[in-house]
Structure formats: structure tokens, C-alpha cells
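Biologist: I'm new to reading protein structures. Could you walk me through this one, feature by feature?

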Amino acid sequence: MPQIASYDDVKALRTERQIPTGTAWRTNFLTPDDSNPAEAQAFLVEGTPGRVIRTHFHDNDQYQVIVSGDGVLGKHQLQVNAVHFSRRHTPYGPIVFGQQMGFLTLRAHKDPGAQYLDEPATMTKLRALENRKPWQATELPKFEPATPDAALHTFTDLKDEEGLASFSMSVAANAKALAPDPAGSNGQYLIIVRGSLHYEGKEYKALSVAFIKPQESAFELVAGTEGLDVLVLHFPRAIARAAATPQVAKNAPGTRVWQCMLCAFVYDEAKGMPHDGVAPGTPWEDVPESWFCPDCSASKSDFQMALTG
């Protein structure tokens, strides 16, 4: 049976704590029992402007959805409805909060917690992990006019052959539509970001979160009088992944590719990093030593030359 909760259901659970960089709040939507960590975990993280979450990774795959305010992840600007996915054991950050930013953290299974890269033992663990295949991406949804009843948009980047898939749907006022089937995934989240959903005699307004297990049938979306915008997020199946072994590139300087060994971000010399003032065609040796990875803030020493083809 689907698990579902709205912010109105859980707001009384909101906790507050003071941290060196400001005030932090957490509101649990779906909380696994300690005796069953295989259950889904979903919570809302908020912070005052300037709050910083240090670069870290998790033992489980996870989605994060920006639901209010703005901020920065690494060097990437975040805005409302942006969806970020990070594969397990993929470092990301730091996360710097802008104007009262809030984001949902969504996992198919309970996670033991953040593991921060500035702690020596954590870095030692990360480097020792076998069959690690780090990857992450951030993408904005498209909510298109529902004609006549619903419109479905498939994300371009947030997908893979292991069941990872991400969609945005718009359902017309008082209309019905089936969400994508969760079969073949490791579980599906529905995030109501506008309007409301009717389910089993109750109206769930934005912000609401639902989790559907892969063996359950496709969820019927019944929109309220204002219609409905919903994110549909599928987790990849738990498949053993062979670690990618970078090969030494033999290309000429200015055409080589360099990969971060911590998070797998790629610096392509041919493309450069214009936003960072690094022009296309800039050899790796000429990239400033002060430059750092846009995704996990690793230094140049954590990059290795790789072969593109």
C-alpha cells in the first residue's frame, strides 16, 4: 500500500537546532522503523541564509528536490523544483543555503547518515570502496499544459539502464491519470508541488510526498479543483556495478579529458569551463591550481586523465 503524507500532516514534527552557520530545521515525512531500514525515508531540510552543509556522501542512492528558496550545490545554482540525484558513495557539496532554502531528501531505504569528506576516516573509506561508480546530475522539470487530461515530460539526464527514471506530470483540474508504472525500479516517489491530489477520501495539497513500492500497480492521480503538478522519481534497481577504470589518454593537450576520482565529474579541455574563466581548449596544466571540482569541491590533485573513446 502506498505511503503518503502532506506537510500539514507532519509539520508538528518539525525540529530546530542551532549550528555554526545558522539555524537548521528538519521535518520527517516518511520515517522507517529502526527494525526495518529497508523502508523508504523522506524528510524536508531547511536553513537560514548562509547555512552550509559540508561536502559528503551517503551509502544509498538519493534524490533531493528544491521546494523553496535558492542556494548553491558545489558551483551549481539551485532553484525551486530542481531535482538532484546522487548515486550511492558519490560526494557532493558543499550546499550553501540562499533565501530560506528548503529541499526534500528522498531515499528508497533508510541511510545511516552523511559521511563528510573533511574527516580523514571518511576519505579513507571512500578510497577503499570497491566497485564504486560515482555519478550525479541536476535537472529542472517541465510542467506542460495538460491536454486534455494530463501531460508527461521525461527528464533528459536523470535516467539510466538500471531503472533510474524521472518525470514531471501535469493533470488537469478534476481529471484522472495514471502515473508511470514503478515496475522495474527500486521504488517510486510522487512529489505534489502544485495543486492537490485526492486519495482514499482525503485531499493532499502541495507539499505532499508518496512512496510506491516497485511491486505495486501504477498510481492513479486524481487532481483537485486547481489541477496538479507532480514529480515522479524512480530509483534504480540494486545492481552490482563494476567500477570504471580510467584509461590514460593519448590525445594532444587541449583535447584531453580529466575525471574527478571522487565524484566522476569530467573536465573536457576542448570545452573548458567558461563560467569559471577557463576558456575552451585550455590544457589541464594551465587550469589554475585554485580551481576545484564543481560537484564535490575536490582539488585538481583528485583528477586523473581519462580516455574518451
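**Reading the model step by step**

Modeller: Let's begin with one residue and its neighbours. S86 touches N60, D61, Q62, Y92, W135 and Q136, leaving aside residues up to four places away in sequence. Keep in mind that this is a predicted model.

Biologist: Where is S86 placed, and is it buried or exposed?

Modeller: For a question like that, look at the element and then at the relative accessible area. S86 sits in strand β10. Its relative accessible area is 2%, under the 20% cut-off, so S86 is buried. Now try Q77, which is found in strand β9. Q77 has 63% relative accessibility, over the 50% cut-off, and therefore counts as exposed. Its contacts, again without residues up to four places away in sequence, are G71 and V72.

Biologist: What about the whole chain? How many helices and strands does it have?

Modeller: The protein chain has two helices and 24 strands. Its radius of gyration is 20 Å, close to the 19 Å that the globule rule gives for 309 residues, so the chain is as compact as a globular protein of that length. The C-alpha atoms fill a box of roughly 65 × 45 × 35 Å along the principal axes. Of the 309 residues, 52% count as buried.

Biologist: How do I read contacts along the sequence?

Modeller: Ask how far apart the partners are in the chain. Here, among contacts between residues at least 6 apart in sequence, 69% join residues at least 24 apart. Q77 and G98 are 21 residues apart in sequence and 9.8 Å apart in space, C-alpha to C-alpha. For N81 and A121, 40 residues apart along the chain, the C-alpha atoms are separated by 34 Å.

Biologist: Which residues of the largest nonpolar core touch the most other members?

Modeller: First, the general idea: in soluble globular proteins, nonpolar side chains tend to be buried together. In this structure, the largest nonpolar core has 26 residues, and F29, L104, L106, Y189, I191, V209 and L233 touch the most other members. Elements giving two or more residues to this core include β3 (22-30), β12 (102-107), β18 (188-199) and β21 (220-234). Apart from it lies another core, of 22 residues, among them V171, A177, Y199 and I212.

Biologist: What does V209 touch?

Modeller: Beyond residues up to four places away in sequence, the partners of V209 include Q3, I4, A5, F29, L104, L106, Y189 and I191. Of these, F29, L104, L106, Y189 and I191 are also listed with V209 among the core residues that touch the most other members.

Biologist: And the backbone? Which peptide bonds are cis?

Modeller: Look at the omega angle. The bond from G93 to P94 is cis, with omega near 0 degrees, and P94 lies in the loop between β10 and β11 (95-97). The bond from A206 to L207 is cis as well, with omega near 10 degrees. L207 is in the loop between β19 (202-205) and β20.

Biologist: What is phi for N81 and for A264?

Modeller: Phi is another backbone angle to check. N81 has phi near 80 degrees, a positive value in a residue other than glycine. N81 is in the loop between β9 (76-78) and β10, and its contacts include I66, E139, L140 and V193. Phi of A264 is also near 80 degrees. A264 is in the loop between β22 (257-260) and β23 (266-268), and at 18% relative accessibility A264 counts as buried.

Methods:
Residues are numbered from 1 along each chain as its sequence is written. This is a predicted model: local features need pLDDT of at least 70, side-chain atom pairs count only at pLDDT 80 or more; totals for chains, interfaces and linings use all residues. Side-chain values use heavy atoms; hydrogens and water are left out. Helices (H or I, at least four residues) and strands (E, at least two) are DSSP runs, numbered from the N terminus. The radius of gyration is taken over C-alpha atoms; the globule rule is 2.2 Å times the number of residues to the power 0.38. Buried means under 20% relative accessible area, exposed over 50%, partly exposed in between (1.4 Å probe, protein chains only). Contact means heavy atoms within 4.5 Å. A nonpolar core is a set of buried Ala, Val, Leu, Ile, Met, Phe, Trp, Tyr and Cys residues joined through side-chain atoms within 4.5 Å.
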